Amino acid sequence: MKPEVKRYTTTVGSRDIAIETGKLAAQAGGAVTVHLNDSIVFAAATMGAVREGIDFFPLSVDYEERMYAGGKIPGSFFRREGRPSTDAILTARLTDRPLRPLFPEGMRNEVQIIMYSLSADADNPLDILAINAASAAIMISDIPWNGPVAAVRVGRVDGQFVANPTFAEIDKSDLDLRIAGTREAILMVEAGADEIPEDVMVAALEFGHKAIQPLIDLQLKMALEIGKPKREITFAKPDLALQEKVFARVGGPMNELLDKPLMKAEFYAGMDALLQGLVAEMIPSVATKVTISDEEDVEEIPAVDMPGIPSLANVKEAFSEAEKKVVRDRILNLGKRPDGRAPAEIRPIWCEVGFSPRAHGSGLFTRGETQVLTLATLGTLRESQEIDSLSPVDTKRYMHHYNFPPFSTGETKMVRGQSRREIGHGALAERALLPVIPAEETFPYALRLVSEVLASNGSSSMASVCGSTLALMDTGVPIKAPVAGVAMGLVMEGSRYQILTDIQGTEDHLGDMDFKVAGTEHGITALQMDIKISGLSTEIMKQALEQARQARLFILGKILEAIPAPRPELKPHTPRITTVKIPSDKIGAIIGPGGKNIRALQEETGTKIDIEEDGTIYIASTNGEGAQMARDRIEAITESPQLGRIYTGKVVRIADFGAFVEILPGTDGMVHISQLDSERVEKVEDVCKLGDEITVMVTGIDPMGKIRLSRQAVLEGWTIQEAQERDAKKSGGGGRPGGRPGDRSGGDRRPGGGGRGDDRRGPRR
């Protein structure tokens, strides 16, 4: 029997969004499909049991981009989806961030949210649909959750905000803002912008928060009408009495430690010593007699199971709560941060460029104990990244990669491929710099930047933005303006709050917000917000943006002290790209059969050559002579003969009535014997032989493309008009004695001229 399908529809901006349930995945905790025109995203949310021995909430969110949704076959060797694409990973992260803060504190059941793209119409981005689908699936499931959340994309086209713009509208927009929130507040922000002023960004946030309200209403209605009863689960409850006892024991020493000007390693060493002392006091080891194979032995057993003795996990949790309380109280009550800075104070900054002598550009940015080295590489447009996804964008010429090795935090871990966090931070830095990268038409290069995090104590993603600006300017890329980034934090208790500039690791861990802002002196280019509380008002975000603007201007000043402007010239070992424009119908002549011509040209000149469909050719070379040689060869191959122009060419065939001369590659013309010299010529061989080079003028091109040449015109210094008049007289019988008025042979008879003529006329009369 076919199940009953429930469909709920609402309007966001000017477009309808529908959520369906009941047809698919009946055994999942909750499953829905979200529809926008012909785009469909599926989401299923399911809760499992409590994992043994874990002290965290095991939530996993995965988005799987199915290529069939767009009528495509995957481009991999196996022709099936493999590892998630960058876009899929970013969508999963985007979905996770607004969901996670709303699960109940102390929840330990495993929760898994899986999303698929089922249909992609190439007009509507799928990431926003994924967030709404995940929220709706949880809302109608048996999973305890304090939702719903809803999401919307905000663009700005011709100065007007647009809710959920299409890809075509995004191309015209100077803002790409994704926002998720609850009825009361904003939970997550992700934005790229073309130097948007702070007040415009605040207005966009307010517009977006208002736009999500119909989706909030829709999900509440679904939960009321078809939602499952929420499952009763056991939450990990904190031992409040133990927490008070631990705080009384370590609160004073923690304050003393925080009053000292310590580096990160020294601070954590002091905190570890406090913890070890606390554990030794509260969990003493006892000697217990046990019998093993009729022999008595003594084994040291921690008194974890003895009445009145707390577990190690509970002591560690109470210690962490004490640290959180001490740090937050100092910030809110005294305005003192863990490293002694004032709330708006930035850590010491120093910058350097040109660190790597062979990289095309490099920038070293150090802020406090966070250090990032970014290195830039320029390549040809052929080296742009090919993208195999459901997005209409299929190539990317500007790439930014971010690496976060374990030594950067003084740790040892298994080194694997890029984590989701690294991919997300790389995408954020890429988004921040993209608005200032010069257009392909004026700077025809592919650009790859790699940010190596060498030391980290917070704000490494924003340090990579600053390092990237330094590297681009050191390379000589004519960026529109330098970009700087800063991470803002927040500590909030009730109505009291303190916004922090340039947060470090402890403040990120113990605070309520990580709000990253990047931009130029004129406005914002990228924005990302992660929060741990139920939401933020636009007023707090407005204050944070203004505080971030002041910090950004200060950091930009430090960057410009290191390098005031992009270098006027690329470094000697950086490839120079020369642009040549040819008629598109000449592309085949450059490429040759099976690419033979272009391969030979690249090998002979030591260049890399890219050809666009419109006839634009890019020649890349670190050798100026090679680039010029390639350009000359290309222009020669594609040049068309012009009347009156003088060429030096090679004699490729000799006949009784004249010589055939290759004046351009593959293009021949004929010099009649009467035009070979100023004096009478008895035999062609008296003037030139096969393989000789002679200089001639083009005096005629007939409708069939046959080319008539004159060596005499060059010797006499005639103009084209004079040469044509003298030639006409000779051809008409009025030439000098011995002329051959009846012989009007031309070049190759092939359309377009050129080639080795096959005129097999008989001997001279």
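Student: Where is Arg79 found?

Tutor: Arg79 is in the loop between β5 (59–64) and α1; helices (H or I, at least four residues) and strands (E, at least two) are DSSP runs, numbered from the N terminus. The model is predicted: local features need pLDDT of at least 70, side-chain atom pairs count only at pLDDT 80 or more, and totals for chains, interfaces and linings use all residues. Residues are numbered from 1 along each chain as its sequence is written, and side-chain values use heavy atoms, with hydrogens and water left out.

Student: What is the phi of Arg79?

Tutor: Most residues other than glycine have a negative phi, and most peptide bonds are trans. Arg79, not a glycine, has a positive phi of about 60 degrees. Asn164 also has a positive value, near 50 degrees, and lies in the loop between β8 (160–163) and α3 (167–172). The peptide bond from Gly147 to Pro148 is cis, with omega near 10 degrees.

Student: How is the packing of α1 and α9 read?

Tutor: Two packed helices are described by the angle between their axes and the distance between the axes. The axes of α1 (residues 86–99) and α9 come within 10 Å and cross at roughly 100 degrees; axes are lines fitted to C-alpha atoms, for helices over the stretch in contact, and angles run from 0 to 180 degrees between N-to-C directions. The two helices, α1 and α9, are therefore roughly perpendicular (65 to 115 degrees; under 35 is roughly parallel, over 145 roughly antiparallel, the rest oblique).
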